[in-house]
Amino acid sequence: MARILLTGATGLIGGAVLHHALGRDDDTTWVCLVRCAGVEQGRQRIAARLERFTDPFTAQRLARKIEIVPGDFTSADRDMDPRLDGCTHILHLAADTSWWGGERVFKTNHDGTLALARRAQSMPDLQRFLHVGTAMICGADAPSLVEETAYPAADARHIVGYTESKAATETSLSEQFPDLPIIVARPSIVVGHSTLGAAPSSSILWVLRAADALRMLPCSPESCVDIVPADWVAETLAGLLMKPDLKHRLYHLSSGATGRTRWADVIAAFEKAEPTDGIRAFRQFDLDRDRAHLRKRFAEVFGLKDASTRAMLLATRAYYAFCALDLSFANERLIAEGFAPAPSIASYLQVCLANSASIVEQFVDDIEMFAPAPVTTSSPADLPLAAIA
Ligand SMILES: NC(=O)c1ccc[n+]([C@@H]2O[C@H](COP(=O)([O-])OP(=O)(O)OC[C@H]3O[C@@H](n4cnc5c(N)ncnc54)[C@H](OP(=O)(O)O)[C@@H]3O)[C@@H](O)[C@H]2O)c1
């Protein structure tokens, strides 16, 4: 019988995993390490996340199936709670996903994951430690089709400290824990849910909508974006966690060369979903040279009167820097293991738009990602937003 330790249960992907897994009646026990004052508060935090996927009654019923261990994964090596000892699998999702959190992000993601790995060494029945990284550890100079084995690379140029912390984590895990059964899954960009649309989360969806409203792209409409929905990521992670034999230790969870979406297809999906806005004429612009033009256009469309919209302009510039990279992530390994390919964002964009709040409201939901670093660091990856956009 599987006993799965899950970190990050209160987050977007953690909620999607639990919604997928708890709906199935099997013998699996889910043990969630949650930051909370006590078990009941932890359960209610998870139930609140599950309510984004289902009705409140079902969310409560599902949350009752979970064993809650109050705690912080960054000090897991000092957490001698015996409920952790018998775990057979770990799905490690928890992370600080802020882009400019500086030292705090590195400490949480790198040092914290190593603390969890040390705790895992004292789990005698452990069969798999599925660490969730990010495909963006490839940095800004990667080829347009990124292969799993090329990264982490010591010379990768990171746009944000978050990806640098995730790359360092993978390196340290493989160097320091060769005895652990670690598998790494690297999702690409997670946007929406293929049937519930924006209800579970509107994270990053606002970026696509802002680009559509601005009618500006920092790249050709023929360039691609590698986006996957949260429910597909959840199902695939659950599969990778439990599949007895895996051929590799690293997997992209991505749409890959055959499933990636051209910006032209994203634009066409907007035209289909919101026909009253008519045929879109996009302007391709240069992120460095045309800063003033972007600002002017942004002010026309969203206004720049309050702190939220000013923060949104900075975040839009930063996301545009990622869009301009034109990256896709090879997924042949995943497909060869028998997993279904991800649905294209163009195929479920309409579902996402159908239950979307306003673009600015959706950005405000994501605003924690753009909180500034609490301490100054000299790392190039921690340069202020404006410097990279
Ligand atoms: N979303 C994407 O587009 C994407 C793409 C590629 C990779 N990923 C990776 O997928 C994983 C999950 O992402 P997500 O989008 O679901 O993130 P998320 O919504 O930001 O959730 C982060 C989760 O981590 C938990 N956490 C953070 N610090 C913690 C700590 N010190 N102790 C215990 N829990 C802690 C949070 O708990 P609290 O609720 O207590 O804060 C929350 O449950 C991350 O590792 C991320 O790097 C995400």
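This is a predicted model: local features need pLDDT of at least 70, side-chain atom pairs count only at pLDDT 80 or more; totals for chains, interfaces and linings use all residues.

**Overall**

I checked the box along the principal axes: the C-alpha atoms fill roughly 60 × 45 × 40 Å. I counted secondary structure next and got 15 helices and 15 strands. Of the 389 residues, 56% count as buried. I then took contacts between residues at least 6 apart in sequence; 83% of them join residues at least 24 apart.

**Surface and charge**

The accessible surface comes to about 16,100 Å². Carbon and sulfur atoms hold 52% of that surface. I looked up the charges too: 39 positive and 47 negative. Their mean positions are 3 Å apart.

**Backbone**

Most peptide bonds are trans, and most residues other than glycine have a negative phi. I looked for departures from both.

I found a cis peptide bond between Y151 and P152, with omega about 5°. P152 sits in the loop between strand 6 (145-146) and helix 5 (161-176).

R215 is not a glycine, yet its phi is positive, about 60°. I place R215 in the loop between helix 6 (205-214) and strand 9 (216-217). Is R215 buried or exposed? R215 counts as buried because its relative accessibility is 18%, and the cut-off for buried is under 20%.

D326 also has a positive phi, near 55°. D326 lies in the loop between helix 11 (307-323) and strand 15 (328-329). At 25% relative accessibility, I log D326 as partly exposed.

How values were computed. Residues are numbered from 1 along each chain as its sequence is written. Side-chain values use heavy atoms; hydrogens and water are left out. Helices (H or I, at least four residues) and strands (E, at least two) are DSSP runs, numbered from the N terminus. Buried means under 20% relative accessible area, exposed over 50%, partly exposed in between (1.4 Å probe, protein chains only). Contact means heavy atoms within 4.5 Å. Accessible areas come from the Shrake-Rupley method with a 1.4 Å probe; for residues, only the protein chains shown count as cover. Lys and Arg count as positive and Asp and Glu as negative; His and the chain ends are not counted. The place of a charge is taken as NZ of Lys, CZ of Arg, CG of Asp or CD of Glu.
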